[in-house]
Amino acid sequence: MERLKMHQTDRKKASSMKDLHLKKLKDQVVVITGASSGIGLVTARMAAEKGAKVVVAARNEDALQKLVEELKGKGHSAIYVKADVGKEEDINAIAETAIREFGRFDTWVNNAGISIFGHSMDVSTEDMRRMFETDFWGVVYGSKAAVEHYKNRKVPGVLINVGALFGDRGTTIQSTYAAAKFAVHGWTESIRMELEKEHIPVSVTLVHPGRIDTPYNEHAMSYMDKQPGHRGMIYPPEAVAEAILYAAENPKRDLFVGSQAKIFMMLGRAFPRFTDKLVEKVMYPTQHLDRPSNSPEESGLYHAGYGLHERGTKEGWVRSNSYYVKAVKHPTLTAAAIAGAGALLLMAAKKKCK
């Protein structure tokens with residue numbers, strides 16, 4: 001009987017993990033890595049506008065300083081930490097600074113990342129290792145720092161890891177980046193289960209962005225003759241920031257930014273060989289622009305890239321937002337809209353049959 005009661009208690013604890021009560025953003029301290037440009041920059045500005053105290057981190061100290069001055073000038077609370085997320089001591093310094101200045105942090109966003117464009121057999125092992133330091137080990141270090149803080153505080157906290165379209169399905173030209181993001185996805189899923197098993201109250205969210213209009217391509221290391229760049233349908237960084245900040249207030253397992261990301265993942269699982277052929281045909285011409293590539297020295301692989309730019313260079317259609325994210329945020333309204341559309345179609349069909 002006693003064993004049954006213990007089992008029931010464990011089940012209650014486990015189920016309560018799905019119903020964590022998270023603070024509103026206006027009451028949160030939010031840590032954001034890779035905050036000097038792109039998704040991180042937009043997320044920091046958006047979080048501050050919603051009333052959160054923000055701790056921004058990146059390698060570009062000049063950009064961070066100007067960002068904090070900008071936010072404080074608007075009456076927001078913000079601090080910065082110059083940090084290379086590929087170094088565990090720098091990650092720990094971010095956490096220590098947040099605790100020293102604000103007494104805590106409530107949401108940690110592992111966003112920093114860099115890519116390499118080039119055939120896998122051409123990319124040097126040294127460059128691959130350096131990219132993994134940022135894209136994978138930076139997420140590991142950040143996750144450990146965040147979870148340790150939440151365990152010590154014994155209150156619910158949020159960990160958000162920014163994955164990628166290519167973390168769900170491999171690609172050409174960016175094979176190293178895809179491999180690192182696959183590792184991020186696997187790490188995130190694994191620690192989520194471990195934390196739940198240990199009844200540690202942490203909401204762990206994996207964000208799956210589609211192709212996003214940021215300086216990502218300009219910061220990347222390029223082994224190509226032509227400049228890396230997005231062609232085709234692209235989503236704005238605001239859509240990713242919206243997903244991140246939604247997860248900061250609402251426990252979510254996964255958030256896909258754009259139906260593009262969701263469809264790509266599902267297609268790869270259901271029709272792997274077809275997807276192989278599709279990627280081979282489509283990804284080569286849609287990942288570069290018709291101009292000479294930046295030199296390796298201009299990339300942000302080993303040093304900070306230019307900062308305070310939300311958008312990058314591209315050729316294509318930039319969506320105004322992600323309807324997929326909107327649907328996740330408003331499931332009831334979305335269901336009602338779908339039901340209403342279905343009813344209208346049914347009525348039209350009945351009229352046509354008469």
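This is a predicted model: local features need pLDDT of at least 70, side-chain atom pairs count only at pLDDT 80 or more; totals for chains, interfaces and linings use all residues.
Leaving aside neighbours within four places in sequence, which residues is A98 in contact with?

1. Residues are numbered from 1 along each chain as its sequence is written, and side-chain values use heavy atoms, with hydrogens and water left out. The chain has 12 helices and 13 strands; these are DSSP runs numbered from the N terminus, helices being H or I with at least four residues and strands E with at least two. Of the 354 residues, 50% are buried. Buried means under 20% relative accessible area, exposed means over 50%, and partly exposed is in between (1.4 Å probe, protein chains only). Among contacts with a separation of 6 or more, 77% are between residues 24 or more positions apart; a contact means heavy atoms within 4.5 Å.

2. A98 is in helix α4 (residues 88-102). With neighbours within four places in sequence left aside, A98 is in contact with V31, V55, I79, G103, R104 and F105. The C-alpha atoms of A98 and I79 are separated by 8.2 Å, and the two residues are 19 apart along the chain. A98 has a relative accessible area of 0%, so it counts as buried.

3. The search of the whole structure finds one cavity of 30 Å³ or more. A cavity is a set of points on a 1 Å grid over the protein atoms alone where a 1.4 Å probe fits but cannot get out, and its lining residues have an atom within 4 Å of a point. Grid points are joined across faces, edges and corners, and the volume is the space filled by probe spheres set on the points. The largest cavity holds about 770 Å³ of space. Its lining has 44 residues, with N111, A112, G113, I114 and Y216 nearest the centre. Elements giving two or more residues to this lining are α2 (38-49), β2 (53-58), α6 (175-197) and α7 (216-219).

4. How do the residues of the lining of the largest cavity divide into nonpolar, polar and charged? There are 19 nonpolar, 21 polar and four charged residues. Here Ala, Val, Leu, Ile, Met, Phe, Trp, Tyr, Cys and Pro count as nonpolar, Asp, Glu, Lys and Arg as charged, and the others, Gly among them, as polar.

5. S115 lies in the loop between β4 (107-110) and β5 (116-117). Its relative accessible area is 0%, so S115 is buried. The side chain of S115 makes polar contacts with the side chains of Q174 (2.6 Å) and Y216 (3.2 Å). A polar contact is a pair of N or O atoms within 3.5 Å; within protein, one must be able to donate a hydrogen and the other to accept it, and residues adjacent in sequence count only if both atoms are side-chain atoms. Beyond four places in sequence, the residues that S115 touches include M131, Y177, A220 and M221.

6. The loop between β12 (288-292) and β13 (314-318) holds S293, and L301 is in the loop between β12 and β13 as well. S293 is buried at 18% relative accessible area, and L301 is buried at 1%. The side chain of S293 makes a polar contact with that of S222 (2.7 Å). S293 and K226 are 67 residues apart in sequence but 4.4 Å apart, C-alpha to C-alpha. L301 and R130 are 171 residues apart along the chain, with their C-alpha atoms separated by 7.2 Å. Outside four places in sequence, L301 is in contact with residues including R59, I114, D127 and H219.

7. The count of aromatic pairs is seven. Rings of Phe, Tyr and Trp (its six-membered ring) pair if their centres lie within 6.5 Å; planes under 30 degrees apart count as stacked, over 60 as edge-to-face and the rest as tilted. F136 and W137 are an edge-to-face pair, 5.2 Å centre to centre with 65° between the planes. F136 is buried at 14% relative accessible area, whereas W137 is partly exposed at 37%. The ring centres of F166 and F264 are 6.1 Å apart and the planes are at 75°, so this pair is edge-to-face. F166 is in the loop between β6 (157-162) and α6, and F264 is in helix α9 (residues 259-270), 98 residues apart. Both F166 and F264 are buried. Ring pairs also link F105, W108 and Y150 into a cluster.

Terms used: On a 1 Å grid over the protein atoms alone, a cavity is a set of points where a 1.4 Å probe fits but cannot get out, and a pocket is an open set with protein on both sides within 12 Å along at least five of seven lines; lining residues have an atom within 4 Å of a point.
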